[in-house]
Amino acid sequence: TVGLLTCMMQSGLFVPCKENSKLAVFDNVFVDIGDEQSIEQSLSTFSSHMTKVINIVNNLTLNSLVLLDELGSGTDPKEGSSLAISIIEFLKNRGARSIITTHYTDLKSYAFNNKDICNASVEFNIETLEPTYKLLMGIPGRSNAIEISKRLGLDLRIIEDAKKRLEENSSDVQGLMNRLDDETVKMSNIKDTLEHKISEYNQLTAEVEKIKLTLQNEHDKIIKKAHLEAKQIIEEAKDNVTNLFKEIDDLRKRADYKDHELADLKYLARNLDPKQNDNQIFDYTYKIGEHVYIKSYDKTGVITKIKKDKYEVSIGSFTFTFSKEEMSPTNKPAAAKVQKKKPVGTNPVNNASYRCDLRGYRYEEVSSALDKFIDQAYMANSGIIQIIHGFGTGAVRNAVNEYLKTSPYVKSYRYGAEGEGLNGVTVVYLK
């Protein structure tokens, strides 16, 4: 087979080999296969073989391939083995590459002890008496003559006698080679199993890489979609802010605009400002004595007390309670409190409150109550106050709005935001 494939390759023909196989190019391919004994030429089996071997030796070159079948057969096994070993040594020393078949145990031992020569055999199934066509490298072949004869039906008495004679004649080297053969077969089976496992592993690895690539593509698609959606949201927010500022400008151009309308628009604009909603603000750790900016009041204050997630902030003469979401850190100091000398007697300013509760009041009682409350707040230098009127029928709320429109002390006003009482509270900014 090796000689045929070599000649096919050197003739430019395709060869039935595994992918990535390698073949060498030789000057000569010498072959001695088959039995050509001749009565006419007085040649025995040994003589016919030796005639060909002599021709090969005489024409051998450094780059030759030599294929010999049953070298040294047809004569006394001892002489034939010795002659075969000498011929192999000559071929090896001349640099030729050779494949030689034999049944001689001495040649198997010789190959086993020579680093330049490798034993090999073709596997044979004793149970079925059929070849498996599997090449076993490193494993010398067994003749299995006794086992084959037994399977073919030879008398068992002859078989048992042959086994005894074989054991008596077996040398230590033969026993060692037999054990080596068994171990080599085991190792070959382990190698086949490992190669199968490696093949499965490579297949699983390829599948994992395929899944990984699919997941990565899906991840990239999701991130890209999220970026597009975020960009769209930002663009919409920018448009909303632009529209709000346009409304503010239009409102300013109107002669009859109301301060609370302007304050409401500013409040909405601040809520749409990405800088005011930065998540980093929510992660910020506040400390007592730190200046903070209150978005809903548009004022700066100082933290005076922290209790869980609530923060008491001093703004002017009053102290308010806020959540972290309503504040942002700032370097701007709060307006300094004006230290006033205490006059003799009772000063209503000392009892001033930043919150006026009008729930339960009648419409006509609102004006007088607000007069007193706003006077005290103004004298206390309060910048912001809250008027609680509730929801109800809306009568008290309307009365509050009518009053605030005409008050000379009011800069602007708006309804409460979430956490401040919504439409049940009016937040007033004093001049």
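Which residues does serine 73 touch, not counting residues up to four places away in sequence? In this predicted model, the partners are Phe46, His49 and Tyr104. Serine 73 itself sits in the loop that links strand 2 (64-68) to helix 3 (77-93). With a relative accessible area of 15%, serine 73 counts as buried, because the cut-off for that label is under 20%.

Helix 2 (residues 45-59) packs against helix 3 at about 15°, and their axes are 12 Å apart. That angle makes helix 2 roughly parallel to helix 3, and the crossing is left-handed. On the helix 2 side, the contact is made by Phe46, Met50, Val53 and Val57, which meet Leu83, Ile87 and Phe90 of helix 3. Sorted by class, that gives seven nonpolar residues, with no polar and no charged ones.

The axes of helix 10 (residues 366-379) and helix 11 (residues 395-406) come within 10 Å and cross at roughly 55°. Helix 10 is therefore oblique to helix 11, and here the crossing is right-handed. Helix 10 brings Val366, Ser367, Leu370, Asp371 and Ile374 to the contact, while helix 11 supplies Val396, Ala399, Val400, Tyr403 and Leu404. This contact has eight nonpolar residues, plus one polar and one charged.

Definitions and conventions:
Residues numbered from 1 in each chain as written. Predicted model: local features only at pLDDT ≥ 70, side-chain atom pairs only at ≥ 80, totals over all residues. Heavy atoms only, no water. Helix = DSSP H or I, 4+ residues; strand = E, 2+ residues; numbered from the N terminus. Buried < 20%, exposed > 50% of the residue type's maximum accessible area, 1.4 Å probe, protein only. Contact = heavy atoms within 4.5 Å. Axes fitted to C-alpha atoms, helices over the stretch in contact; angles between N-to-C directions. Parallel < 35°, antiparallel > 145°, perpendicular 65-115°, else oblique. Left-handed = near helix turned anticlockwise from the far one by under 90°. Nonpolar A, V, L, I, M, F, W, Y, C, P; charged D, E, K, R; others polar.
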